[in-house]
Amino acid sequence: MRREMKILRVLIIVAVLGLMLLPIKVMAASTATIIVTNSPYFVSVNITPSSWAINGLTGSGLVNNATTYYSNPLGDTVSPTILGAKDSECYFNASNGMAIAVDLTVTTSDLSGGSDNSTNSNNGSAGATFYGAYTYFSGQTSLQWVVCKSSGSSIGYSNLLAGGNVNFGLIVSEQTNAWTGATPSSSTITVTSSAH
Amino acid sequence: MVVMLMPVAVLAGNTATMVNAPAYSVGITSFTVTYVSDTEVDLNWTYDATVSNVMVRAKWGSYPANPPNSATAPSDGYLVYYGSGLSAVDTSMNFNNNPDTLYYSIWGQKGDGSWYLIPSQGSEESREMIGLLLGFLAVSLLIAGLVLKKSWVMWFSIPFWVILSIYMAYYQSMGFPASAQHAFLFIGLGATVAIGFGAIRMQAKPANEHHDDDNLDDDDASTKIYKAERKKYRRSS
């Protein structure tokens with residue numbers, strides 16, 4: 001009897017050990033390799049030229065207050081065609097050198113460093129010490145021209161294809177109050193691209 | 001099992017600079033006021049294409065006041081010039097009689113007759129007081145050196161003679177004829193140098209060569225020793 005109990009005890013121990021090892025084997029058998037691939041889309045755009053003197057394409061380079069100027073090579077005070085801006089009416093060019101289509105957004109910072117530092121009104125209209133700005137892209141009608149804000153502008157051009165480029169321009173309405181000095185101020189035009 | 005994680009990095013694109021140069025003008029682009037003499041001040045100016053005439057006005061003690069609006073011509077002070085020229089000579093003053101400062105303002109008048117309200121300005125004052133002050137310092141130091149028998153005081157007047165001569169040469173006139181100025185400077189400089197050399201020579205003599213006690217130079221160490229010994233001798237005798 002005692003001998004049978006010993007045998008039974010050994011069997012139980014073996015069974016328990018067997019049960020303990022079994023799941024380990026099962027788990028080992030169910031493991032698979034996970035490959036994580038990190039492939040960022042590096043979206044960028046290049047714009048040329050890198051500077052624009054307002055009223056300096058065909059004019060004197062000096063600007064009057066309460067006047068609207070265009071980055072139009074055909075004339076600094078000549079509006080692009082409202083039924084669809086032409087390439088020849090756009091001073092800037094944006095090119096997409098990447099492998100995906102992108103959307104373009106244009107912003108202009110406040111004018112600074114001069115005797116009259118106008119602030120971007122962010123609504124497209126000029127006011128006292130405020131300038132207003134719009135962006136137009138080639139082919140767009142005036143209804144599609146987008147307010148150029150100091151930040152958070154709407155998309156100005158959608159779906160610029162990979163390797164493609166598009167011409168665009170800016171419309172700046174100068175502050176309504178008189179200048180107080182002759183020192184030039186400057187602003188940074190930033191074109192932000194995002195995957196379409 | 002393969003998991004593909006494909007983020008889209010959105011980066012700011014390129015930038016360009018937009019330059020805004022205000023077409024701001026006060027009409028007058030330069031204005032120079034030059035002292036010629038106590039009775040003459042020369043005025044020169046330039047103006048841009050928006051100006052058809054200019055008006056120059058002068059006033060003693062302060063700048064002539066601006067007109068109240070662009071439709072009103074300036075009227076404060078006295079009129080020096082009105083027209084389309086680029087220079088004028090004001091001989092109405094006499095700084096000898098009035099050593100105050102004379103202030104000038106010039107305004108541009110546009111083709112439509114309206115006036116720029118921001119004038120260019122300049123001022124002049126008599127140079128005579130500065131010249132006289134320099135001369136006074138130079139002569140005073142020379143006399144002080146003679147009276148005190150201090151050669152270094154006389155030498156100290158030399159820089160003032162030099163500054164005075166440059167000042168006179170630059171401003172041409174101080175109300176004296178040029179020959180009188182030159183003679184004044186020549187005599188002053190010559191006297192200073194001569195007296196300075198004489199003082200040095202006197203100091204260089206040994207103490208036992210002094211016979212006239214009153215003319216001894218106190219700076220001379222040998223003189224001090226001589227005086228001290230003389231005093232000691234007198235006490236003992």
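Student: How many helices and strands are there in chain B?
Tutor: Chain B has five helices and 10 strands; both are DSSP runs numbered from the N terminus, with at least four residues of H or I for a helix and at least two of E for a strand. This is a predicted model, in which local features need pLDDT of at least 70, side-chain atom pairs count only at pLDDT 80 or more, and totals for chains, interfaces and linings use all residues. Residues are numbered from 1 along each chain as its sequence is written, while chains are lettered from A and ligands numbered from 1 in the order in which they are written.

Student: In what order do the strands of the four-stranded open sheet stand?
Tutor: The order is β7-β6-β9-β10 in chain B, with antiparallel pairing; two strands pair if DSSP finds at least two bridges between them.

Student: Which strands stand at the edges?
Tutor: They are β7 (78–83) and β10 (120–125) of chain B; each has a single partner strand, so one side of each lacks a neighbour in the sheet.

Student: How many bridges join β9 to β10 in chain B?
Tutor: Six bridges join these antiparallel strands, β9 covering residues 101–110. In one of them, B:T101 has B:E125 of β10(B) as its bridge partner.

Student: Where is B:V89 placed?
Tutor: B:V89 is in strand β8 (residues 87–90) of chain B.
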